[in-house]
Amino acid sequence: MPCGEDWLSHPLGIVQGFFAQNGVNPDWEKKVIEYFKEKLKENNAPKWVPSLNEVPLHYLKPNSFVKFRCMIQDMFDPEFYMGVYETVNQNTKAHVLHFGKYRDVAECGPQQELDLNSPRNTTLERQTFYCVPVPGESTLFLNFSFNAYVNANQARVSPSTSYTPSRHKRSYEDDDDMDLQPNKQKDQHAGARQAGGVGGLQWCGEPKRLETEASTGQQLNSLNFSSPFDLNFPLPGEKGPACLVKVHIIFVSVQLMDASALLDPMECTDTAEEQRVHSPPASLVPRIHVILAQKLQHINPLLPACLNKEESKTFVSSFMSELSPVRAELLGFLTHALLGDSLAAEYLILHLISTVYTRRDVLPLGKFTVNLSGCPRNSTFTEHLYRIIQHLVPASFRLQMTIENMNHLKFIPHKDYTANRLVSGLLQLPSNTSLVIDETLLEQGQLDTPGVHNVTALSNLITWQKVDYDFSYHQMEFPCNINVLITSEGRSLLPADCQIHLQPQLIPPNMEEYMNSLLSAVLPSVLNKFRIYLTLLRFLEYSISDEITKAVEDDFVEMRKNDPQSITADDLHQLLVVARCLSLSAGQTTLSRERWLRAKQLESLRRTRLQQQKCVNGNEL
């Protein structure tokens, strides 16, 4: 445990200290950030910062230091707040300067009131993001043990059922949010109210309120918070807290000219629905004020957060030295998962390490969507194969491609102008998510208009690695990087870069028992090596030397000379993608003649298998 617990449990006290020393000098804000950066370098301190992803909200103190691994789902309009404000004591007439940064409301002590006419009052700007836990994140990858956290922090994480407020004025955001619950639930939510204050929000006390607050309470009662609040998760069945994450912009600072407009929520022109969405109860959607933020290169906790840093090179080089046996074990493991088909296992490895490494005009380079055909219909094979993939990748989702799902699920995010928010869609996914589309469940039926649009959206995702968000009056393209695996009985209805037909060497009498025994036979340490392998290889640099480039060109000309129809420019492109993934799978960052010949061999075996299957089943493939 890092020494000095105050910065974890009372970060605002640290901020207050820097503000008191520096006053309105903006350097205090930079000093705050540097202070917490240094603290997080001490004694594995980041591991002791409670995570909203793993620790229940009612175990966390309000205004405490937390971390949150998330995806930005929506961005709200910028908001202006009182960055620096002055209060006056009604009895002594003493003036005190306060900071408003990292707080949702302007706080006043006993007998204090805001001096709205003070020339020292300033406004600042901050950006609010609506953030959700990483969609599809596998619980198997969560490296935080909640039990260990509780055992090591008994005194700090015991749930509290009471909270004594220390101020008299409150934000309209959370006004009466608990009162809107049935009376019998009020005590049950006492602890949850504390959790809503994570990262800066504080609750208001029961003493006197401003007259405007009383009318605001009546206004918010009309917002119908008692109805289920949609947390706007992209994927169905997702759990975990959504948060309003507020990022402060240091350089914006202007004199506060009309403080009353900022303080009086009745002056707000937002619709009731917009207020409901943008200011949900803090017990449901906590507020986080960002001190430090990091764009994650990946979400695999088994690897260093940033693989490009100097300190990560030792880890990478150490793992690369033992890559060959890891690949061999993974190939054997996936061969068993694919019922003894080693060729399909080879292609599954190539698929799992593929990634869009660049774009040339609109063409995403590096993507490798695989259609695994030959999967038995009315079998649990695809379901259990997805379970295997869940154990190997940090984030994944299985889309059951039924007529009902295609017609009724929302695939594309769309703008709700009434609530002024982006309503999430199933395809709003973070980079490197593994999307498994199970087409074996598709029966005969009629696709309606939304169903056709959803099929088009999937096709665009696969072909162009983009999702067209719907803003009613126009569409906006958002690039993505999603690994798509399609399981089907015959050839998929969707486009794919590569089709590999499954040839099972065994048919287990009980598929569930077979897959469970396969997973239980793998040591956790070996499984972790598989996970590191599949994540790490995505980020390796890759190149082709001039010599090999010339050899590939000569090869292409020679193949075309013998049979002009045997290989096209598109076939060559796919062959280069296979060669790239094959090289990286062996830990080689440049294409060798040996790997090029092996890629050609794999493609020849795959094409021969498809031709054989076509002869058996006619034109199905």
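Guide: Before we start, a term: "buried" means under 20% relative accessible area, "exposed" means over 50%, and "partly exposed" lies in between, with a 1.4 Å probe and protein chains only.

Visitor: Okay. What kind of model is this?

Guide: A predicted model: local features need pLDDT of at least 70, side-chain atom pairs count only at pLDDT 80 or more, and totals for chains, interfaces and linings use all residues. Numbering runs from 1 along each chain as its sequence is written, and side-chain values use heavy atoms, leaving out hydrogens and water.

Visitor: Is Glu 603 buried or exposed?

Guide: Buried, because its relative accessible area is 5%.

Visitor: What is Glu 603 in contact with?

Guide: Leaving aside neighbours within four places in sequence, Glu 603 touches Tyr 347, Gln 574, Leu 575 and Val 578. Contact means heavy atoms within 4.5 Å.

Visitor: New topic. How many aromatic pairs are there?

Guide: The structure has 13. Rings of Phe, Tyr and Trp (its six-membered ring) pair if their centres lie within 6.5 Å; planes under 30 degrees apart are stacked, over 60 edge-to-face, and the rest tilted.

Visitor: How do Tyr 35 and Phe 36 pair up?

Guide: Edge-to-face, at 5.2 Å centre to centre and 90° between the planes. Tyr 35 is partly exposed at 23%, while Phe 36 is buried at 0%.

Visitor: And how do Tyr 469 and Phe 478 pair?

Guide: That pair is stacked, with 4.1 Å between centres and 25° between planes. Tyr 469 counts as buried at 9%. Phe 478 counts as partly exposed at 31%.

Visitor: Back to Tyr 35. Which aromatic cluster does it belong to?

Guide: One formed by Trp 7, Phe 18, Tyr 35, Phe 36 and Phe 65.

Visitor: Which ring does Arg 103 lie over?

Guide: Phe 99, at 4.2 Å from the ring centre. Likewise, Arg 126 lies over the face of Tyr 81, at 4.0 Å. The rule asks for NZ of Lys or CZ of Arg within 6 Å of the ring centre and within 35 degrees of the ring normal.
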